[in-house]
Amino acid sequence: MLSVTFANPAALWLLLLLVPMVYWYFMPARRREPAVRMATTEMFRGAPQTWRNRLRHLPFFLRMIAVGMVVLVIARPQTDTALSAHEREGIDIMLVMDISVSMLEEDLTPNRIEAAKQVAADFVVERESDNIGLTLFAGEAFTQCPLTSDHAALLQLLSAVNCELQARGIISNGTAIGMGVASAANHLQGSEAKSKVIILLTDGENNTGDISPLTAAEAARKLGIRIYTISVGTDNAEATEESTLPRIAEMTGGSFYRATDSGQLRDIYQEIDQLEKSKLSAVMGEARYEAYQPFALIAIIALLLELLLRNLFFRRIP
């Protein structure tokens with residue numbers, strides 16, 4: 001819903017100037033104008049009024065409208081939402097998902113990769129206003145789906161995600177967390193959204209790739225990207241993984257989570273969903289759009305109409 005505030009609300013006191021203007025216009029003394037002396041006006045009592053007589057006060061009311069609109073322009077009306085719902089800016093989110101063969105472990109139901117896909121799909125459905133993309137990684141990283149508002153297409157691509165590329169040797173072995181983060185951050189680099197987010201899900205530690213996770217995280221931080229890191233599985237508490245993922249989240253203003261079962265993983269995505277909705281509300285609340293243009297246009301039209309009526313239709317004979 002459109003909400004209007006004023007940057008200079010004190011200027012609205014100028015509207016009180018309309019009161020003396022109305023009084024001056026209608027005061028009795030002002031009506032004392034030269035007139036033709038007649039013995040009686042009884043003969044004109046039943047005469048019909050002309051349109052000119054009925055509309056004789058219209059120029060004055062147009063002037064009142066113009067003055068009122070000018071005062072509103074001086075008060076600087078602003079709105080905290082875009083004038084069109086289509087102009088509303090959401091959050092650009094890249095889902096970064098580990099597809100190494102270890103994601104086939106069944107400590108989550110039915111296994112890690114399928115559980116991750118399901119909760120990610122539910123997350124996408126809840127984020128109607130956002131552009132969301134999908135980056136996959138194992139020993140190397142690639143973008144499965146670029147940022148898009150076509151969530152139906154994204155969900156279709158997400159449903160087809162599996163671990164077969166590494167299992168068949170199409171992509172190299174290992175877990176290149178740094179490459180996954182770097183790929184997603186590079187994709188978000190051109191984003192003009194006020195809020196940019198990466199949600200990184202993995203079950204292992206970084207053990208390959210040309211870019212280290214912390215180097216990629218630092219690059220993301222400089223681009224204004226928050227990273228939420230999620231460690232899944234019950235057997236991946238290695239010291240390296242436990243130190244790297246929390247540091248990535250801390251460096252970029254995100255959060256680190258551990259999920260040892262499907263229920264925990266679902267709760268984590270729901271928490272991220274709520275956190276990012278809160279951040280979006282705060283960002284949108286800080287935005288202000290100047291909204292004086294309609295008032296200025298009304299003032300100009302009212303003033304032009306008043307001048308036109310006074311000089312063409314209500315012109316007085318000297």
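Select helix α3 (residues 58-74) together with helix α11 (residues 293-312): their axes come within 8 Å and cross at roughly 155°. Axes here are lines fitted to C-alpha atoms, for helices over the stretch in contact, and angles run from 0 to 180 degrees between N-to-C directions. Because angles over 145 degrees count as roughly antiparallel, α3 and α11 are roughly antiparallel to each other. Their contact (heavy atoms within 4.5 Å) involves L58, P59, F60, L62, R63, I65, A66, M69, V70, L72 and V73 on the α3 side, and F295, A296, I298, A299, A302, L303, L305, E306, L309 and R310 on the α11 side. By class, these residues are 18 nonpolar, no polar and 3 charged; Ala, Val, Leu, Ile, Met, Phe, Trp, Tyr, Cys and Pro count as nonpolar, Asp, Glu, Lys and Arg as charged, and the others, Gly among them, as polar.

The model is predicted: local features need pLDDT of at least 70, side-chain atom pairs count only at pLDDT 80 or more, and totals for chains, interfaces and linings use all residues. Residues are numbered from 1 along each chain as its sequence is written, and side-chain values use heavy atoms, with hydrogens and water left out.

Now display the whole protein chain, which has 11 helices and 9 strands. Helices (H or I, at least four residues) and strands (E, at least two) are DSSP runs, numbered from the N terminus. Of the 318 residues in the chain, 38% are buried, that is, under 20% relative accessible area, with exposed meaning over 50% and partly exposed in between (1.4 Å probe, protein chains only).

Next, select helix α8 (residues 213-222), where P213, A216, A217 and A220 are buried. Viewed down the axis of α8, the buried residues fall within an arc of 100°, so they line one face of the helix; the arc is that of the directions from the helix axis to the C-beta atoms. After α8 comes G224, with a positive phi near 75°.

Move to L201 in strand β6 (residues 195-202). L201 counts as buried, at 1% relative accessibility. Leaving aside residues up to four places away in sequence, L201 touches V96, M97, D98, M103, A116, F137, I230, V232, L265 and Y269. From L201 to L245, 44 residues apart along the chain, the C-alpha separation is 9.7 Å.

Finally, select P246 in helix α9 (residues 239-252). P246 counts as partly exposed, at 23% relative accessibility. The C-alpha atoms of P246 and I227 are separated by 10.0 Å, and these residues are 19 apart along the chain.

Definitions and conventions. Angles under 35 degrees count as roughly parallel, over 145 as roughly antiparallel, 65 to 115 as roughly perpendicular and the rest as oblique.
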